[in-house]
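Here's a quick briefing to read with the model open beside you. Have a look at it first, then come back for the notes.

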Amino acid sequence: MDPKITEVSQTFERFKAAFVRNDFDTCTRLLSQLKVLLTAFTSLPPLFQETSNAIHELTIARDIYEHAIVLSVKMEDQDAFERDFFQLKPYYTDARGRLPASPQEYPILGLNLLRLLVQNRIAEFHTELELLSQSALDNPCIKHAVELEQSFMEGAYHRVLSARQTVPDATYAYFMDLLAKTVRDEIAGCSEKAYDRLSTSDARQILLFSSDKELLQYVEKEHPEWEIKDGFIIFQKVKDSVPCKEIPSLQLITQTLSYARELERIV
Amino acid sequence: MALLVVILSVFYIAMVVVWVSQVFFKMDDQEVKVQHQSPPSVYDCSADPSVLQDLKEVASLIEGGAYTSEVQKIYRAMRLTMKLRSKLKASVLSAFLNYVLTSGSEVHTRLSSYLPQDRHDSQVHVETPATESKHLLPELEMFCYLLVLIFLIDQKKYNKAKACSSESIVRLKSKNSITADVLASRLYFYYSLSFELAGDLAEIRGNLLALYRSATIHHNKFSQETLLNLLLRNYLHYHLYDQAEKFRSKAHHFKALSNQQFCRYLLYQGKIKTIQLEYTDAKDCLLQAAQKGPTIAVGFKIQCNKWAVIVHLLLGEIPERTIFTQKRMEKALRPYFELTNAFRVGDLELFRTVAEKFSSTFSQDRTSNLINRVRHNVIRTGIKNISVSYARISLADIAKKLNLDFENTVGDAENIVAKAIRDGAIDATLDHANGWLVSKATGDVYSTNEPQIAFDTRINLCLNMHNEALRALRLPRGLINKGVAT
């Protein structure tokens with residue numbers, strides 16, 4: 001066997017051992033070593049050379065990046081997740097015909113969808129979604145993320161939160177926690193427009209806090225413009241209740257002038 | 001003051017409309033003239049010899065065009081060729097090849113090898129003058145390749161077409177003039193088409209990119225345009241919207257030398273924008289593509305309209321009924337019509353049944369993901385309808401009316417309504433203690449700036465249309481000048 005492959009697989013074994021022990025320092029150190037070692041393989045993307053060991057090398061490289069992604073989730077490092085995911089992606093798309101499908105593929109794709117949702121990158125979320133086949137969309141991991149996005153867009157926030165209990169994989173928990181924070185901000189934003197006033201106990205329930213103290217801290221930090229009086233939160237100040245009755249003269253003048261200019265060009 | 005402005009604007013818009021219509025009439029005149037120019041002999045060719053004769057005429061047209069660098073002649077030649085397309089036969093083609101190419105030359109033997117050797121062989125040899133000079137114009141060689149390629153595609157011999165087109169691309173790399181450019185762009189188109197029909201479009205992506213690069217370096221505008229579209233098509237075929245958008249935004253500005261290519265470009269751009277949630281831009285692109293598309297291109301128009309309908313729905317608008325009643329499109333747009341109906345009523349249940357009923361059509365059109373996105377807009381129209389008709393309604397009733405099927409129905413309904421209020425879909429407030437939605441009285445829309453804004457967008461549309469029509473009129477002359485200069 002090629003000595004380079006042996007070296008990679010040995011390092012990878014050590015990485016996996018540290019990974020199981022949750023020894024993150026050793027993991028990151030070994031991972032960067034592995035990534036350097038992988039650059040020596042010519043069969044990997046972007047070269048995709050047809051060498052005799054190509055299949056073996058591709059499989060092991062894919063395995064390494066899959067572990068790297070799970071590691072980045074455990075370490076709660078979203079940037080590392082994004083980097084590793086982009087490196088992994090060619091193995092799922094361009095090398096699809098040559099490698100047997102990885103059991104980790106759908107969980108990781110679902111995880112990525114969830115990440116995009118948490119970061120509120122909905123356009124990219126849908127771009128990724130278009131790449132998936134119908135059978136992939138039926139996979140529970142992907143379906144979970146897709147349904148979350150739908151509920152989120154509809155405003156069915158309770159359903160988003162209850163999905164926390166039905167996560168398909170333990171790694172999803174981290175992003176679900178982040179999503180809960182986003183959901184709270186969304187609810188707060190909607191509430192201040194939809195209600196005139198709310199009693200503090202109702203507000204606590206709606207904003208999903210367990211105690212009034214937490215609620216008050218949150219209001220103080222995120223929404224200092226809300227007024228708290230006699231056990232009620234009053235949102236009135238936020239709204240600009242009086243609609244503008246003036247004639248927007250400047251805008252009208254510019255518009256009329258631009259029509260005149262265009263007409264001059266025609267005549 | 002306001003009244004004066006309105007009167008003035010009415011006057012302006014009337015002027016603009018008159019001008020736009022004048023420009024359109026001018027355009028019509030021009031098209032009619034072009035049609036009259038085509039020789040009448042094209043219409044009465046039923047037998048093979050006349051087809052051959054027509055092909056010879058086309059060849060001499062190309063020759064003339066190539067010597068004087070007149071792009072218009074090449075265009076006409078291409079139009080004539082397309083009319084002859086259905087009448088092409090192997091025997092006619094080989095006779096034509098014998099006429100144009102020196103028999104025994106490399107091109108001749110290569111091209112003849114693609115044609116099926118039939119028993120009329122002897123008859124063909126009778127009329128082989130082969131008196132053509134040894135010097136062969138690159139344009140004519142391209143034309144021969146093009147003819148053989150079209151023939152192979154029509155005969156559904158895709159593998160042969162693949163080989164033939166690849167070979168032509170390799171051979172014609174070095175040819176570089178404005179007339180060759182037009183022909184090359186056609187060749188590229190059929191090159192991509194033959195690979196698409198054979199089902200391996202991904203193979204040629206690298207080649208297309210290389211061709212695009214060299215076309216850009218040589219300022220081959222026509223090839224550039226065609227290749228840009230082919231690449232976008234290639235990416236979209238594999239749902240690579242990300243790559244397609246990156247390529248599109250980095251590529252050169254699209255100059256719209258040919259209307260057909262521009263329509264395609266608009267459709268691709270519209271699709272990309274739809275996926276990336278830029279619905280307003282997408283709507284502009286798709287509607288423009290549907291308007292600009294030639295009347296005979298029904299399939300293209302249907303596709304544009306399908307996407308345009310969905311973008312309308314995603315924007316929360318209801319598309320006009322006339323879209324669905326257009327001639328020859330009614331049947332194809334039927335599923336989308338029913339979808340719009342469900343949307344208009346705001347009935348989630350009906351929407352779901354329609355989506356299920358036509359799920360095969362939607363997944364074939366690759367729109368099922370988009371239709372999933374429309375779902376929350378359906379809920380929103382439902383809420384809008386309710387808030388208009390009731391001054392005060394309990395949240396539990398809203399949930400029942402909308403057919404929401406969540407566990408925590410009232411709580412979720414409250415959130416959904418709150419979100420609709422925040423996004424400005426309805427003008428109302430929630431009363432949490434009583435669990436009510438209280439609608440505010442709808443004000444008179446004419447007391448706001450709304451009509452003025454709507455009017456402004458329409459005026460702008462007319463002015464833009466006028467400007468674009470003028471630009472379309474100006475283009476050919478500029479091109480001819482350029483052709484003479486080079």
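A bend at a residue is the angle between two fitted axes, one through the seven residues ending there and one through the seven starting there. Bear in mind that this is a predicted model, where local features need pLDDT of at least 70, side-chain atom pairs count only at pLDDT 80 or more, and totals for chains, interfaces and linings use all residues. Residues are numbered from 1 along each chain as its sequence is written, while chains are lettered from A and ligands numbered from 1 in the order in which they are written.

**Helix H4 of chain A**
- H4(A) bends by about 30° at Gln87(A), with Pro90(A) following within four residues; helices here are DSSP runs (H or I, at least four residues), numbered from the N terminus.
- Residues 78-93 make up this 16-residue helix.
- Its buried residues (20 or more other C-beta atoms within 10 Å of their own, C-beta atoms being placed from the backbone) are Phe81(A), Asp84(A), Phe85(A), Leu88(A) and Tyr91(A).
- Helix H3 (54-74) and helix H5 (105-118) of chain A are among what covers them.

**Ser387 of chain B**
- You'll find Ser387(B) in helix H19 (residues 368-389) of chain B.
- Ser387(B) counts as buried because 23 other C-beta atoms lie within 10 Å.
- Ser387(B) and Val438(B) are 51 residues apart in sequence, yet 8.0 Å apart in space, C-alpha to C-alpha.

**Domains of chain A**
- Chain A splits into domain 1 (3-195) and domain 2 (196-267), with bounds from an automatic or database domain assignment.
- The C-alpha centres of these two domains lie 38 Å apart.

Key:
Helices (H or I, at least four residues) and strands (E, at least two) are DSSP runs, numbered from the N terminus. The expected span of a helix is 1.5 Å times one less than its number of residues. A residue is buried if 20 or more other C-beta atoms lie within 10 Å of its own, exposed if 12 or fewer, and partly exposed in between; C-beta atoms are placed from the backbone. Two residues are in contact if their C-beta atoms, placed from the backbone, lie within 7 Å.
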